[in-house]
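Here is a friendly briefing on a protein model. Please take a look at the sequence and the structure before reading on.

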Amino acid sequence: MATLVQAVRMALHYGETYLGVTDILGEDVGPPLGGVFTATQGLATAWNTPLDERGIIGAAMGIAYAGGRPVAEIQFCDYGFNTIDLLKIAGNQRWAGAGNYELPLVVMTPSGSGIRGSLYHSHSFESWASRLAGWKIVMPSNALDAYGLMLSAILDPNPVLVLLPKALLRVHGEQLIPGEPADQEYLKQLIDAPLGDRSNWQPRWPDLDEYLVPIGQANRVREGTAATVVSYGRTLPLCVQAADALAAAHGLTFDVIDLRSIFPYDWSALSQSVLKTGRVLLVNEDTEVTNFGEHLLRRVIDEHFYELEVRPRVLQGRHLPGIGLHQTYERNSVPQLAHIQATLQALATEEA
Amino acid sequence: MTTVAEVHSGKEALSAEQCLAIHRVMVRARAMEERMIQMSKSGEGYFWIGGPGEEAFNTCLGLHIKKGCGPDYDFLHLHYRNAATLLAMQLPMLDAVRQAALRVTDPHSMGRNFVGHYALRQYNIVPVSSPVETQYAIAPGTAIVQKRHGGDGVTVVVGGDAGSSEGDFATCMIWSTRPGQELPVLMIVMNNQWGISTPMRSQHSERHIVDRGEAFGIPAETVDGNDPIASWHALRRAFQWCRRKRHPFMLEASVSRLHGHSSSSGAVRVRDEPDCIALFEGKLQSAGLLAQDAIDDAWEGAREEAAAAVEQALREPEPAAGDVYRHTYAPSGVDAVYPDDYTGLPE
């Protein structure tokens with residue numbers, strides 16, 4: 001099974017071959033490196049830019065205005081903060097410009113903690129991004145969804161931000177991408193650039209098929225009755241693990257919802273599950289002041305207050321200036337499996 | 001009275017016919033701006049920002065544009081003082097006035113944006129936004145597509161002296177001169193010596209802003225932007241370089257700011273800066289090309305046109321509450337929540 005980052009690479013290959021992607025641009029995105037996380041190795045339209053995030057976003061916007069279909073990479077979302085006003089323009093231009101222009105722009109960037117990234121390789125971005133009206137924001141938690149969300153992002157004629165969970169980039173999927181060879185060693189031989197000199201290397205792409213995960217559609221990955229837990233990205237598999245452990249140990253079953261799209265989010269899936277269980281936990285690792293999960297919490301309270309059996313919870317990153325390099329800092333800054341499991345158990349067992 | 005064939009400015013000359021055409025656009029632009037300033041004070045509009053003092057250069061810019069849609073044509077990344085450029089491109093005064101009057105019929109923004117914030121896909125005018133200089137970061141992108149596409153389309157990007165302090169100005173120079181990947185970008189700086197209330201000379205020590213291009217091998221010119229004949233020829237040379245060589249060029253025009261920054265500072269007429277229209281009319285009169293009564297007629301006609309445009313715009317509908325969400329998103333076949341346009345928070 002492909003890793004999440006291999007899935008992104010195969011999606012980009014599919015995009016430039018069949019969906020009209022004209023430019024895959026960013027720092028170290030082109031040969032020889034093919035991206036610091038290898039997401040762009042061997043791609044025909046990948047090229048290196050100056051070390052200039054504002055230039056990357058600006059140029060991608062210009063390419064999109066002129067009829068191209070760019071995918072721009074910001075090497076780490078931590079380095080995207082100086083692009084905020086360009087991202088804002090990308091999001092508002094169609095509304096401000098009375099619908100004159102479409103802007104089919106994809107920006108992908110690794111987000112979140114989990115690789116011992118210290119202060120500037122551990123940031124989360126979705127709460128900031130959720131304030132950029134006019135954008136769509138997605139975040140896969142597995143390889144197949146990464147493939148399907150990237151293809152949708154490419155096809156969508158609006159700006160789409162694809163947040164890639166850093167901690168999961170090298171995690172193998174559990175489901176085959178259509179056209180992907182089942183043997184992961186063989187896939188590696190086909191599409192991973194060799195270490196060392198790769199000047200004569202060419203990828204051998206598998207014959208991939210289109211697979212779309214619609215933007216705005218969540219995925220219920222576990223079904224249960226004790227409570228609802230909603231997450232995305234790095235913390236999603238931790239929620240699944242916690243739910244499975246509580247099922248095995250205590251017979252408590254949970255609806256585990258992988259939101260997949262931050263905006264537009266699948267309110268219908270969340271709402272229906274909350275109505276069923278009356279208990280909800282929202283989990284993400286972005287900092288808690290002010291957090292996207294709080295928006296979902298507000299809607300839960302506004303619209304389902306009288307259907308809730310116990311107080312709803314949000315588990316999120318602490319309000320801190322950064323994540324420190326020592327593991328003690330990281331483990332105590334962003335939600336870990338133990339936090340999630342304890343919170344989920346308390347939520348499910350609190351007396352109504 | 002038209003007896004001379006051409007009008008001179010220094011060693012350069014322009015045909016009498018072209019001079020008269022330029023003069024007409026300059027006068028129409030000024031009359032429109034003056035009427036818009038009135039609108040901002042009378043309640044017919046709300047806010048004014050624009051280009052009185054930039055008409056000479058901006059008119060010539062508009063007349064040099066290869067206008068159309070797509071990479072075969074010029075792309076325009078303008079700032080909010082380019083009204084004369086659009087009139088020179090034969091866009092109707094009414095459309096600019098619709099924006100000043102905040103009408104839903106405003107083709108640039110449906111009454112959402114300040115006046116002078118144009119967006120017109122049919123002529124490659126990408127949306128003008130208030131943050132000055134972001135256009136310099138976006139411009140290389142359209143030029144990348146033009147260079148790859150072939151043809152002679154140029155990307156024109158316009159900003160002011162104050163905004164050139166932002167890093168996006170350097171972004172444009174770097175991205176336009178990547179070795180072997182040079183881009184047909186015409187970088188224009190309209191130097192009016194002001195950033196709202198801050199004199200340029202209190203913040204900038206470089207002799208000319210376009211001197212910065214030298215480090216990147218970008219050829220540059222400075223021009224008296226109050227002189228339409230000099231501006232015409234400087235633009236002609238700049239466009240010729242970008243169209244044929246497919247490399248960038250920088251052009252800095254010294255211009256006046258005749259009504260201050262915007263209506264926020266009162267938009268009162270400034271008397272101690274040169275007025276490009278008065279100067280040009282003096283030149284055309286001296287050349288025996290334009291008599292006072294013809295000048296008076298031109299102004300009267302332009303003011304009538306502006307008045308009629310305002311009258312028309314004010315008869316048109318204002319935005320309705322139901323318009324708030326429109327055009328947030330383009331229709332998408334892969335979006336389960338917003339397949340058409342934004343409809344408020346997901347339901």
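In this predicted model, strand S6 (residues 160–165) of chain A has 6 of its 6 residues buried, so the strand is largely enclosed by the rest of the structure. Buried means that 20 or more other C-beta atoms, placed from the backbone, lie within 10 Å of the residue's own. Strands (E, at least two residues) and helices (H or I, at least four) are DSSP runs, numbered from the N terminus.

**Two faces of S6(A)**
- In a regular strand, side chains alternate between the two faces of the sheet.
- A:Val160, A:Val162 and A:Leu164 point one way from S6(A), while A:Leu161, A:Leu163 and A:Pro165 point the other way.

**Neighbouring strands**
- Strands pair if DSSP finds at least two bridges between them.
- Strand S4 (residues 106–111) of chain A runs parallel to S6(A), joined by 6 bridges, and A:Thr109 stands opposite A:Leu163.
- Strand S5 (residues 136–138) of chain A is also parallel to S6(A), with 3 bridges; A:Val138 has A:Val162 as its bridge partner.

**Where chain A meets chain B**
- In chain A, 43 residues are in contact (C-beta atoms, placed from the backbone, within 7 Å) with 45 residues of chain B.
- The largest share of chain A's side, 9 residues, comes from H2(A).

**Reading the model**
- Residues are numbered from 1 along each chain as its sequence is written, and chains are lettered from A and ligands numbered from 1 in the order in which they are written.
- Local features need pLDDT of at least 70 and side-chain atom pairs count only at pLDDT 80 or more, while totals for chains, interfaces and linings use all residues.

Conventions. A residue is buried if 20 or more other C-beta atoms lie within 10 Å of its own, exposed if 12 or fewer, and partly exposed in between; C-beta atoms are placed from the backbone. Two residues are in contact if their C-beta atoms, placed from the backbone, lie within 7 Å.
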